[in-house]
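Work through the exercises below with the predicted model open. Each task is followed by a solution in steps.

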Amino acid sequence: MTTSNKSFEERRRFPRLKVEVEVEVKILDDIGDSKTSAVNRQFEQRKTKDISPLGVCVETGRHIPHGTILELRFKFPGQTSHGLGRVVWCRDLEGNGVFYAGVEFLAVAQGKIDEFANNIAHFYFEQFTADKDKHFNFLKELMAKFIPKK
């Protein structure tokens with residue numbers, strides 16, 4: 001199968017976790033878009049739809065142009081992690097007027113990368129242990145592809 005025929009999910013380097021986390025979002029760079037440049041540059045309370053070590057899908061409340069730089073403050077249990085991200089897509093996923101943005105992580109606050117990684121790892125651990133049989137079989141099938149058959 002060629003890369004162009006693979007689904008987007010198959011090309012991801014890390015699986016997305018369906019995790020709802022409170023996140024404050026602030027537009028830092030609007031790439032000259034007149035609609036976003038008129039927006040008050042305050043933090044807005046939002047929620048994630050899913051998250052991975054490389055990015056997040058977050059509800060935005062409106063369309064935000066591709067390439068826009070966002071400041072993000074994630075409210076993980078017991079701590080807050082700060083970072084910067086770039087919008088790689090934004091659309092109304094469910095056709096109900098609620099916009100979501102796919103955001104690629106660019107940077108995490110100095111000295112907080114370990115905490116941020118631990119929080120993401122915690123969500124992975126929770127999700128994989130919640131359905132052990134399903135994920136065990138997935139890993140078994142994946143490993144079988146790398147082990148030569150006699």
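**Exercise 1.** Classify K75 as buried, partly exposed or exposed, and find its salt-bridge partner.

*Solution.* Step 1: the relative accessible area of K75 is 34%.
Step 1: K75 forms a salt bridge with E24, and the closest N and O atoms are 3.4 Å apart.
Step 2: this pair links distant parts of the chain, since E24 belongs to strand β1 and K75 to strand β4, 51 residues apart.

**Exercise 2.** Which salt bridge does E24 form with R73, and why does the pair tie together parts that are apart in sequence?

*Solution.* Step 1: between E24 and R73 the closest N and O atoms are 3.3 Å apart, and the cut-off for a salt bridge is 4 Å.
Step 1: E24 lies in strand β1 (residues 22-29) and R73 in strand β4 (residues 69-76), so the bridge ties together parts that are 49 residues apart in sequence.
Step 2: compare the burial of the two residues. E24 has a relative accessible area of 14% and is therefore buried, whereas R73, at 27%, counts as partly exposed.
Step 3: R73 has a further contact, as it lies over the face of F43, at 3.7 Å from the ring centre.

**Exercise 3.** How many salt bridges are there, and which residues do shared partners join into one network?

*Solution.* Step 1: the count comes to nine salt bridges.
Step 1: one of them is formed by R46 and E44, with the closest N and O atoms 2.8 Å apart.
Step 2: through salt bridges that share partners, E44, R46, E59 and R62 form one network.

**Exercise 4.** How many aromatic pairs does the structure hold, and which are stacked or edge-to-face?

*Solution.* Step 1: there are two aromatic pairs.
Step 1: F74 and F76 are 5.7 Å apart centre to centre, with 15° between the planes. Planes under 30 degrees apart count as stacked, so this pair is stacked.
Step 2: F74 and F105 are 5.9 Å apart centre to centre, with 80° between the planes. Over 60 degrees counts as edge-to-face, so that is the class of this pair.
Step 3: the F74–F105 pair links distant parts of the chain, with F74 in strand β4 and F105 in strand β6, 31 residues apart.
Step 4: check burial. F74 has a relative accessible area of 2% and is buried; F76 is buried as well; F105 counts as buried at 15%.
Step 5: the ring pairs link F74, F76 and F105 into a cluster.

**Exercise 5.** Which residue has its charged end over the ring of Y100?

*Solution.* The residue is K49, whose charged end sits 5.4 Å from the centre of the Y100 ring.

**Exercise 6.** Describe the second largest cavity by volume, lining and residue class.

Step 1: by class, the lining has five nonpolar and three polar residues, and no charged ones.
Step 2: relate this to Exercise 4.

Terms used. Residues are numbered from 1 along each chain as its sequence is written. This is a predicted model: local features need pLDDT of at least 70, side-chain atom pairs count only at pLDDT 80 or more; totals for chains, interfaces and linings use all residues. Side-chain values use heavy atoms; hydrogens and water are left out. On a 1 Å grid over the protein atoms alone, a cavity is a set of points where a 1.4 Å probe fits but cannot get out, and a pocket is an open set with protein on both sides within 12 Å along at least five of seven lines; lining residues have an atom within 4 Å of a point. Grid points are joined across faces, edges and corners, and a volume is the space filled by probe spheres set on the points. Ala, Val, Leu, Ile, Met, Phe, Trp, Tyr, Cys and Pro count as nonpolar, Asp, Glu, Lys and Arg as charged, and the others, Gly among them, as polar. A salt bridge is a side-chain nitrogen of Lys or Arg within 4 Å of a carboxyl oxygen of Asp or Glu. Helices (H or I, at least four residues) and strands (E, at least two) are DSSP runs, numbered from the N terminus. Buried means under 20% relative accessible area, exposed over 50%, partly exposed in between (1.4 Å probe, protein chains only). Rings of Phe, Tyr and Trp (its six-membered ring) pair if their centres lie within 6.5 Å; planes under 30 degrees apart count as stacked, over 60 as edge-to-face and the rest as tilted. A charge sits over a ring if NZ of Lys or CZ of Arg is within 6 Å of the ring centre and within 35 degrees of the ring normal.
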